[in-house]
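This briefing sets out selected features of the structure shown below. The points are grouped by topic for reference alongside the coordinates.

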Amino acid sequence: MSKGFSDILVQRLARARLVMVFTGAGVSAESGIATFRDPGGMWSKFKPEELANVNAFLNNPSLVQTWYKERKRVVTEAEPNAGHLAIAAFERDFLERGLEFAVVTQNVDNLHQRAGSKNVIELHGNLARNYCYECKRDASDEEMNTASDDEPVHCVQCSGLVRPDVVWFGEQLPYQSIEDAVDAARRASVCLCIGTSAVVYPAAQIPLMAGEEGAYVAEINIEPSAIAYQIDESIQGKSGEVLPALFEAYKEAVLSSNQSINLN
Ligand code: OAD
């Protein structure tokens with residue numbers, strides 16, 4: 001355990017047919033994006049009930065639109081960090097070896113995709129997209145960028161209000177994302193649960209389900225999450241530091257198992 005993770009985890013990764021990564025805001029913390037519940041996080045400055053629900057939006061659309069416009073500016077200016085890049089490197093390696101890899105994320109910041117991850121299942125939507133609350137038409141960035149404190153953005157076709165494509169409190173998760181996440185959880189040999197407090201349901205059910213279905217579940221977090229004692233391994237550390245080291249250890253384990261196969 002010199003690097004903070006176990007040999008069992010490394011061996012499980014090297015032998016896995018499908019790895020599922022489950023991420024939360026902590027994986028983007030080293031990119032300079034505030035988490036929700038850490039001290040100074042977003043929900044200590046803004047109350048979710050004031051901003052992240054449909055009633056708040058309908059009562060004060062320009063406030064909610066400008067808040068999301070600002071969040072989008074922050075994530076667009078941020079860069080993927082070493083953690084995002086290591087996750088993308090894992091996926092590339094798995095695909096090259098004819099295996100499967102899935103990133104199930106609660107994040108809406110698009111950083112996994114920008115780091116090169118391909119199979120990204122978004123449970124809570126993505127700030128990069130907007131749509132009309134009335135006619136559901138996709139709305140362009142240019143439209144949403146016109147949001148200002150006193151004039152809400154309306155759909156150019158039906159005059160409905162334009163909203164970000166993110167899941168708000170009280171809303172259902174996108175059906176297809178849940179289906180895909182459950183499928184990955186059921187079939188995963190290993191689940192890496194990264195940078196999430198694991199207190200928001202139904203999302204937090206996904207790594208627990210993976211464990212119930214037989215996956216080895218390990219978390220990487222600067223402190224134990226709400227599910228730390230229900231899983232196989234809790235690794236304490238920053239994802240941008242632990243993940244690159246874990247990827248290197250996994251590569252070595254794959255290499256040495258290939259060598260021993262060749263010798264036999
Ligand atoms: P939280 O803010 O609840 O949790 C962030 C987690 O990241 C905490 O457990 C931190 O300890 C951990 N963390 C912070 N920095 C880290 C680092 N460098 N490396 C590893 N871990 C680190 O964020 P989420 O769990 O993502 O939902 O929150 C879940 C959902 O709650 C969000 O998707 C959002 C929010 O309400 C919606 O908006 C629907």
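Helices (H or I, at least four residues) and strands (E, at least two) are DSSP runs, numbered from the N terminus. On that basis, K136 falls in the loop between β4 (125–132) and β5 (138–139). The model is predicted.

- Five bridges link strand β1 (residues 18–23) to strand β7 (residues 190–194) in the parallel sense.
- F22 has C193, in β7, as its bridge partner.

**Helices lying across the sheet**

**Helix α6**

- Helix α6 (residues 82–96) contains 15 residues, which at 1.5 Å a residue should span 21 Å. The C-alpha atoms at its ends are 21 Å apart, in agreement with that expectation.
- The N-terminal end of α6 is capped by N81, with a side-chain oxygen 2.7 Å from the backbone nitrogen of G83.
- G83 is itself buried, as are H84, A86, I87, A88, A89, F90, E91, D93 and F94 in α6.
- An α-helix has 3.6 residues a turn, so residues three or four places apart point the same way.
- After α6 comes G98, which has a positive phi near 75 degrees.

**Cysteines**

- A disulfide is a covalent bond between the sulfur atoms of two cysteines. The cut-off applied here is a sulfur pair within 2.5 Å.
- For C135, the closest cysteine sulfur is that of C132, at 3.7 Å, which is too far for a bond. C135 is partly exposed, its relative accessible area being 35%.
- For C158, the closest cysteine sulfur is also in C132, at 3.5 Å, and this distance is too far for a bond. C158 is partly exposed, with a relative accessible area of 34%.

**Backbone geometry in loops**

- Most residues other than glycine have a negative phi, and most peptide bonds are trans.
- Y201 and P202 are joined by a cis peptide bond, with omega about 10 degrees. P202 is located in the loop between β7 and α10 (205–212).
- N110, although not a glycine, has a positive phi of about 70 degrees. The loop between β2 and α7 (111–115) contains N110. With a relative accessibility of 23%, N110 counts as partly exposed.
- K136, a residue other than glycine, has a positive phi near 70 degrees. Its relative accessibility is 52%, so K136 counts as exposed. The cut-off for that class is over 50%.

Notes
Residues numbered from 1 in each chain as written. Predicted model: local features only at pLDDT ≥ 70, side-chain atom pairs only at ≥ 80, totals over all residues. Heavy atoms only, no water. Pairing = 2+ DSSP bridges. Expected span 1.5 Å × (residues − 1). Buried < 20%, exposed > 50% of the residue type's maximum accessible area, 1.4 Å probe, protein only. Polar contact = N/O pair within 3.5 Å; in protein donor to acceptor, adjacent residues only side chain to side chain.
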